[in-house]
Amino acid sequence: MKIINFDEENSVMHLYMAELRDKNHQRNRLLFRNNIKRVGELMAYEISKTLDYKLKSVTTPLGICDIQVPKDEIVVGTVLRAGLPFHEGFLQVFDRAENAFVSAYRMYTNREHTEVGVHTEYMASPSIKGKTLILVDPMLATGGSMAAAIEALCKTGKPRKIHIASVIATQEGIDTIRPVLPDDATVWCAAIDGGMNEHKYIIPGFGDCGDLCYGEKL
């Protein structure tokens, strides 16, 4: 499994990440969502460089032009609800992609909120057999939700290639999803943070992405 960590090379993505992490910027939900979306757009562009291409002849007003265009059939999958603005960023680049949605979410299993289980209750997806699956979720913390989503989506068929995209990941999360991914899968992230606190939130992270995008939940 290949890991691409954009934090290792300077780019404008660092500016978006600085604003996402800044508790003062987080007061503006529109700005927060837009930055999640923009990170998704940049990641999608980088992923596009790894696709297979084919030559296409295009008729212009003045002649014929041969252009290399992607030939992969792409499915962009998202873990609800925090993944929605991230998903939108990917769709800005892969505008012809099919879409998949999984409601795999974590829930605390003890009173102290230190143990986490994963619950999956909804999925809407085309067949991913023979296609390139790009599964996006902003936070790869424990990895439980992502692993559950991968297993659920792969029941619709064996994909040709899998890309996992997160804004922030932990090594624990990466290790959790490794057994359910093929060896040629790639994990893309804007940063890999040091770990999690006792409530399984990424540290330093930026907090609960779903709440910051859409407001607190009960």
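Ala185 touches Met1, Lys2, Lys161 and Ile162, leaving aside residues up to four places away in sequence. Keep in mind that this is a predicted model.

**Exercise 1.** Work out where Ala185 lies and whether Ala185 is buried or exposed.

*Solution.* Start with the chain: Ala185 sits in the loop between helix H5 (171-177) and strand S10 (186-193). Next, check the relative accessible area, which is 1% for Ala185. Buried means under 20%, so Ala185 counts as buried. Now try a distance: Ala185 and Lys200 are 15 residues apart in sequence, and their C-alpha atoms are 25 Å apart in space.

**Exercise 2.** Find what surrounds Thr170 and which backbone oxygen its side chain meets.

*Solution.* First place Thr170: this residue belongs to strand S9 (residues 161-170). With a relative accessible area of 1%, Thr170 is buried. Then list the contacts beyond four places in sequence: Leu140, Ala141, Ile192, Asp193, Gly195, Met196 and Ile202. Finally, look at the side chain of Thr170: one of its polar atoms lies 2.7 Å from the backbone oxygen of Ala141.

**Exercise 3.** Describe how helix H2 packs against helix H3.

*Solution.* Take the geometry to begin with: H2 (residues 29-48) and H3 (residues 83-93) pack at about 40 degrees, with axes 7 Å apart. That angle makes H2 oblique to H3. The crossing is right-handed. Now pick out the residues: H2 contributes, among them, Arg33, Ile36 and Tyr45, which meet an H3 set including Phe86, Glu88 and Phe90. Sorting the contact residues gives 10 nonpolar, three polar and four charged.

Conventions:
Residues numbered from 1 in each chain as written. Predicted model: local features only at pLDDT ≥ 70, side-chain atom pairs only at ≥ 80, totals over all residues. Heavy atoms only, no water. Helix = DSSP H or I, 4+ residues; strand = E, 2+ residues; numbered from the N terminus. Buried < 20%, exposed > 50% of the residue type's maximum accessible area, 1.4 Å probe, protein only. Polar contact = N/O pair within 3.5 Å; in protein donor to acceptor, adjacent residues only side chain to side chain. Contact = heavy atoms within 4.5 Å. Axes fitted to C-alpha atoms, helices over the stretch in contact; angles between N-to-C directions. Parallel < 35°, antiparallel > 145°, perpendicular 65-115°, else oblique. Left-handed = near helix turned anticlockwise from the far one by under 90°. Nonpolar A, V, L, I, M, F, W, Y, C, P; charged D, E, K, R; others polar.
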